[in-house]
Every structure is written in C-alpha cells, then in structure tokens.
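Here is a short report on one protein chain.

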Amino acid sequence: MNENELDRCRRLLGVKPGVSRTELERAFMNKNLEIIREKNNASPSLRRELEAEHEQLRQAYAAIGEDTDKPRTRAEREKLAAAQLSPSEILALAAKARGNEPETPALLSFDNWKVNTFVPPLLLGFAWLVSQSPFAFFLQGFHIWIHELGHAVPAWLCGKKALPLPIGFTLIEPDYAPSVHWGLLVLFGILLVAGIKERKIWAVIGAVALAGLQHIMTWRMPDYRQEFWYGAFGGLAGEFIISSLFMMAFYVQLPEKFRWEWCRYLFFFLGAFTLMSTWLRWIDVYRGIEEIPFGSMIAGEDDPNGDMDGLLNEYGWSKFKIRRTYYLLGQACWIVLALTWAFFALRTNRLFGLTFSGVPSEEPEGSK
C-alpha cells in the first residue's frame with residue numbers, strides 16, 4: 001500500500017501519522033459506532049452496506065500497521081473502555097458489528113415515537129375504565145398506599161423515619177434520624193454519578209433537585225412547616241403529585257442500574273388509576289356535590305385527627321380553601337402531564353437526543 005492509500009485510510013479514520021495503538025483503535029471504534037448509530041434502523045440492504053463499510057475500515061486499520069486479531073491484555077482493554085466507551089456501548093458495538101444483535105422491541109424503546117404518543121393515552125383511558133368498574137376495588141390498596149406515601153416522602157426528606165402502610169396509616173418518628181438523611185444522600189449520589197457517566201440529564205437534574213429539596217426541608221424549614229407537609233397536607237397532595245410523577249416517569253430512561261423498560265407500564269397505569277380516581281372525586285367535592293372527606297380511614301368520619309380536620313382546625317384553612325387548593329393542584333398536574341406528552345408526541349425530544357437518553361433518538365419511519 002502506497003503513501004497515498006495510507007493517507008486516505010488515515011483521513012477515513014480521522015487520525016494523524018504516528019498515532020499510538022490505543023488511539024488508532026479508539027478512532028476505529030468511534031467511526032464504526034458513528035456508522036452504526038446513523039443506520040440503527042437500516043433495512044437489510046443498508047445493513048449489508050454497513051457491514052461492507054465496517055470491513056473497509058477494518059482493512060484500513062490493518063493497512064496502517066495494526067493487527068485487529070492481535071490479543072489485547074486486560075490492562076489495555078480496561079484502559080480503552082475507561083477512556084472512551086461504557087461497557088454496554090462496547091458490547092453493543094461488538095454485537096452490531098457482527099450483525100447478530102436482535103433489534104430492541106418497540107415497546108421496550110424509550111425513543112419510539114409511536115409508543116410515546118399513543119400508549120400513554122391508551123393506558124390512561126384503560127385506567128379510567130377500571131376506576132369506573134367493580135375492579136377498582138382491587139386497586140384500592142395501592143391507592144391508599146400512594147396516599148400514605150404522600151405522608152412518608154416529605155418525612156424522609158425532613159430526615160424522619162417513616163413507614164407507609166396500605167391500611168390508611170403511616171408510622172412517623174418525630175425525631176431527626178441521621179441514617180435516613182445520609183441514606184437518601186447516598187442514593188442521590190449514586191443517581192448523580194450514574195447520570196453523569198451515561199449522559200442522562202434526567203438523572204442529573206433529579207439527583208441535584210432532590211438533594212437541594214432535602215437540604216431545605218431538613219435544615220431550613222421550621223418544625224411546624226415540616227409537620228404540615230408530612231402531616232395534614234401531604235397525604236392527599238401525594239395522591240396527585242406522586243401519581244403524576246409515576247406517569248411522567250414513563251418517558252424517562254433511567255441509568256442502567258435502574259432499568260425498568262417493562263415496569264414503567266405498570267407504574268404509569270397505577271399512577272393513572274390513582275390520579276383519575278382522586279381527580280374525579282375532587283371535582284365533585286369542589287362543586288359541592290360531595291362533602292370534604294373529614295375523619296380518617298381507620299376511625300371513621302368522626303376522627304378529629306384526619307388530614308382535612310388538621311387543615312381546618314390546626315392550620316386555619318376554610319372549607320373553600322381546602323376545596324380550591326386541591327382542585328387547582330389536580331389541574332396543575334394534568335397540565336404538566338399534557339405538556340410532557342406533547343413534548344414527546346411532537347418529537348421535540350429528538351432535538352435533545354443526547355441530553356435525555358445519552359444516545360441519539362431513533363429516526364421515525366417516514367420522517368425524512
């Protein structure tokens with residue numbers, strides 16, 4: 001091979017004369033990965049073209065003076081992986097280069113436009129049908145647990161030990177517990193590191209936001225405000241907010257340590273069922289068709305320690321304020337959910353493919 005052909009190979013790989021073995025192999029893998037990403041949804045003919053380009057690159061790699069079949073030491077493999085690609089990307093690259101990796105099913109893909117557009121409304125409609133049917137009785141335990149989780153989550157963020165029980169009661173210790181505080185910080189840190197490593201902005205923003213919220217609620221918020229959030233207000237607010245977060249998480253591709261391709265469908269349905277049931281009830285409460293749910297589940301309507309009783313008697317809320325606050329909270333949740341759905345239905349997420357999932361979004365059929 002003459003010097004002109006060597007120059008052509010170097011330009012093809014994007015390297016300069018005299019590069020090291022590691023730099024040359026890295027350039028080869030980057031170029032191959034670029035071709036694979038551009039043709040991720042290629043037809044069989046385009047895949048054959050991809051294989052031909054891959055063979056051309058392999059020959060160019062060998063022509064410059066490197067033997068691709070030469071065994072690498074463990075230290076070289078670890079150095080290459082740490083310097084350029086994550087283990088999952090290297091495995092995916094190797095499998096695709098061999099042409100034997102099965103395509104990801106559409107329902108497991110976070111970047112499939114049809115799934116992101118049509119599945120959430122269908123699940124929401126199914127959740128509404130279930131909420132109006134006798135089968136709703138079998139999901140009441142989960143609905144109650146979401147309510148109790150609405151008490152427990154603010155308590156955890158305030159550094160309190162809390163145990164939400166699906167029987168209408170949450171055990172909360174009023175004293176600060178360092179194990180809860182630092183345990184949550186460790187979890188937030190793991191999420192942050194995983195998000196940075198895999199370039200998932202959702203994980204980074206979520207970890208930072210939760211850590212900041214924890215700091216405010218633990219160290220900046222007075223005791224009576226903490227009690228307000230994890231006491232009287234948190235339970236019903238959790239039915240709206242936590243269920244909405246479950247539904248919004250349908251679009252979020254978490255780091256590999258938190259993979260949940262199938263679980264997100266279950267979380268969306270359960271969140272939609274809870275939100276729909278709570279919202280329909282509070283529409284009637286706001287219109288005066290149904291009374292505010294005073295009392296508690298265990299002791300009944302006459303229990304003065306219920307959430308609504310606490311808002312009315314301890315925090316001086318009027319009945320109108322109770323009705324209006326939760327009604328507006330429900331409206332806000334639906335607006336945020338609608339905007340989230342529109343963001344993905346209009347394919348806006350394609351403009352931020354690297355930002356949201358760490359890899360470019362899939363190119364939907366017919367988009368060109």
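## Arg264 and its surroundings

Beyond its neighbours within four places in sequence, Arg264 is in contact with Leu107, Leu108, Ser109, Phe110, Val115 and Phe250. The model is predicted. Arg264 sits in helix α12. Arg264 counts as buried because its relative accessibility is 0%, and the cut-off for buried is under 20%. A polar atom of the Arg264 side chain lies 2.8 Å from the backbone oxygen of Phe250.

## Nonpolar cores

The largest nonpolar core holds 44 residues. Phe240, Trp282, Met308, Leu311, Ile322 and Tyr326 have the most contacts inside it. Two or more residues each come from α6, α7, α11, α12, α13 and α14. Helix α12 gives the largest share, eleven residues.

Take Met308. Leaving aside neighbours within four places in sequence, Met308 is in contact with Ala232, Leu236, Trp282, Ile292, Pro293, Phe294, Ile322 and Tyr326. Another core lies apart from the largest one. That core has twelve residues, including Ala152, Ala177, Met221 and Tyr230.

## Confidence

The chain averages a pLDDT of 78, and 66% of the residues score at least 70. Among the helices, α11 has the highest mean, 96, and α15 (residues 353–357) the lowest, 45.

| Stretch | pLDDT | Contacts beyond near neighbours in sequence |
|---|---|---|
| Residues 79–87 | under 50 | 14 contacts |
| Residues 354–368 | below 50 | 42 contacts |

Where pLDDT is low, the predicted coordinates should not be read in detail.

Note on methods. Residues are numbered from 1 along each chain as its sequence is written. This is a predicted model: local features need pLDDT of at least 70, side-chain atom pairs count only at pLDDT 80 or more; totals for chains, interfaces and linings use all residues. Side-chain values use heavy atoms; hydrogens and water are left out. A nonpolar core is a set of buried Ala, Val, Leu, Ile, Met, Phe, Trp, Tyr and Cys residues joined through side-chain atoms within 4.5 Å. Buried means under 20% relative accessible area, exposed over 50%, partly exposed in between (1.4 Å probe, protein chains only). Helices (H or I, at least four residues) and strands (E, at least two) are DSSP runs, numbered from the N terminus. Contact means heavy atoms within 4.5 Å. pLDDT is the predictor's confidence in each residue, from 0 to 100. A polar contact is a pair of N or O atoms within 3.5 Å; within protein, one must be able to donate a hydrogen and the other to accept it, and residues adjacent in sequence count only if both atoms are side-chain atoms.
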